[in-house]
Amino acid sequence: MQELTAEVVVVGAGPTGLMLANELALAGVDVQVLERMHERTGLSKALNLQPRTAEVLDLRRLLPRAQDRSFATVADGHFAVIPVPYTGWDTRHPYQLGIPQAEVEAALEERLAEQGVRVRRGHELTNFSQDADGVTVIAGDLRIRAAYLVGCDGGRSSVRKALNLSFEGIEGQGHGVAADVLFKSTPPGAPTQWRSMSNMVTSGSPGKFIGVIPLAEPNLYRISFGDRLNRPPNLRAEVTAEEVRQAVTERFGPEAQIAEIRWASRFSDDSRLAEKYKVGRVLLAGDAAHTHFPAGGQGLNLGIQDAMNLGWKLAAELNNRASAALLDSYEEERRTVASQVLNNIAAQNALVPTTPNQLALRALFRDLATLPEVQHHLSGMVSGLDIRYKTEETHPAAGTRLPDFPTAQGYASTLFHKGNWVLLTKTPTPSPHTEVLVAQVPHLPWPDLQRILVRPDGYIANTTGSTKGWLT
Ligand SMILES: Cc1cc2nc3c(=O)[nH]c(=O)nc-3n(C[C@H](O)[C@H](O)[C@H](O)COP(=O)(O)OP(=O)(O)OC[C@H]3O[C@@H](n4cnc5c(N)ncnc54)[C@H](O)[C@@H]3O)c2cc1C
């Protein structure tokens, strides 16, 4: 048995685990990442980064890498496949970046390697136990003693199951299939570039849907189809070529010629949320903590933002800099956000019509969604731009994200590259804490404020500048 020590063991090298490991490594934490797969499959469930995720990656200089690997910039998001532009949000990234999940993972793993951390592939977590001082993690012939364990091991998380946490929510009735299909030539009427969510999804009969997204390679498309009313007896049954062919014919007619089905996978429309995100020294993040139907393109984005919320808090705890409740605030903040996402997914599911009455309701909702206020509300929800964490203060800035803005030193986002806190102040002010970088600026996005203290994840802690209640 090989014995190792670490401060944190991250289980799972999906987007959540890789983002978390990057955050921990940036803060100087000794982190080990275990991944059961010997190599990345190169396959992608998710295809997008939402505006808030783009901002979060920008805070760490990771966005250009993602942009380099992206294949589309999509002007709008969607709510129940009703396009909702991001206009009205004060963001430098009012778009979805079309990028395969595998490329997000590759970019994050590349940065992690630059920080000196290698993912231990072919290492499946098989057992763990915890005591007052730490966690003992077993992965085959490897035993690691660490202070914390974080399960980023996906929807079927063995970490969550071992903790005996309930994973409740809404039991769906239907299912979907995602398939990457190469056609012999462009199917009739198919878009050749992904620029908007308009007309991306159509519906044949009640409860059914077929979506088409052109990918990077010519004639390669993500075909998503399903039935919200019927589910096959075995959701893990392999997707047959005939199923895909039928959906393609329904969407494009018999002229569409499939050259190859690169990958196909079935998914459910269940929604589930873990009862807790932290039990002693073991935490959950990403799909291990919440799973749902991929409506609106939110799951991967939620996971990356979980990681961004947890990383600096865990690092502060390990460095003895965290106030008593800081680490617990991870669950309070992120479980609340996940619960809101699950609600918006349920609302989107309700807008897939299965009766004439619902058809009328959807038509009405589609009209309402052309109103700028409604678009703003919906796009804020699916993009993550509307997140506001609870604080003691009532000022509208408190708890919200800092919109990126130009300062004399460059954009404000550049001040966060090292994962530090930032005090933005209009008047000369000493740093309230060794972890806080002070930047004097002539203007703030809220003209009535003199200063704002911003957390390492880009959310406004307070408008006083005090680290009390956050750091010791
Ligand atoms: C069809 C489909 C389309 C989707 N489209 C979108 C989209 O467009 N936008 C979006 O934001 N989201 C989308 N999602 C959701 C998104 O794919 C997930 O939310 C995302 O993969 C979650 O990332 P994660 O890192 O938390 O988990 P995962 O990606 O599941 O990664 C978990 C990792 O842990 C590893 N692992 C598991 N168990 C162990 C163990 N015991 N030991 C070691 N390693 C282990 C796994 O091998 C895996 O690499 C989609 C999902 C589906 C099904």
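How many salt bridges does a search of the whole structure find? The search of this predicted model finds 29 salt bridges. The exercises below take up some of them and one surface patch.

**Exercise 1.** Determine which parts of the chain the salt bridge between Arg65 and Glu114 ties together, and classify both residues as buried or exposed.

Solution. The closest N and O atoms of Arg65 and Glu114 are 2.7 Å apart, in a salt bridge. Arg65 belongs to helix H3 (residues 63-68) and Glu114 to helix H4 (residues 101-114), so the pair ties together parts 49 residues apart in sequence. Arg65 has a relative accessible area of 17% and is therefore buried, the limit being under 20%. Glu114, at 52%, counts as exposed.

**Exercise 2.** Locate the salt-bridge partners Asp180 and Arg222 and state whether they are buried or exposed.

Solution. The closest N and O atoms of Asp180 and Arg222 are 2.5 Å apart. Asp180 lies in strand S15 (residues 175-183) and Arg222 in strand S18 (residues 220-227), 42 residues apart, and the pair links these distant parts of the chain. Both Asp180 and Arg222 are buried.

**Exercise 3.** Describe the surroundings of Leu371 in terms of secondary structure, accessibility and surface patch.

Solution. Leu371 sits in the loop between helix H9 (356-368) and helix H10 (372-383). Its relative accessibility is 40%, so Leu371 counts as partly exposed; patch residues need over 30%. Together with Leu361, Leu364 and Leu368, Leu371 forms a nonpolar surface patch with about 350 Å² of accessible area.

Key:
Residues are numbered from 1 along each chain as its sequence is written. This is a predicted model: local features need pLDDT of at least 70, side-chain atom pairs count only at pLDDT 80 or more; totals for chains, interfaces and linings use all residues. Side-chain values use heavy atoms; hydrogens and water are left out. Patches are made of residues with over 30% relative accessible area and no salt bridge: like charges are joined within 9 Å, nonpolar side chains (Val, Leu, Ile, Met, Phe, Trp, Tyr) within 5 Å. Accessible areas come from the Shrake-Rupley method with a 1.4 Å probe; for residues, only the protein chains shown count as cover. A salt bridge is a side-chain nitrogen of Lys or Arg within 4 Å of a carboxyl oxygen of Asp or Glu. Helices (H or I, at least four residues) and strands (E, at least two) are DSSP runs, numbered from the N terminus. Buried means under 20% relative accessible area, exposed over 50%, partly exposed in between (1.4 Å probe, protein chains only).
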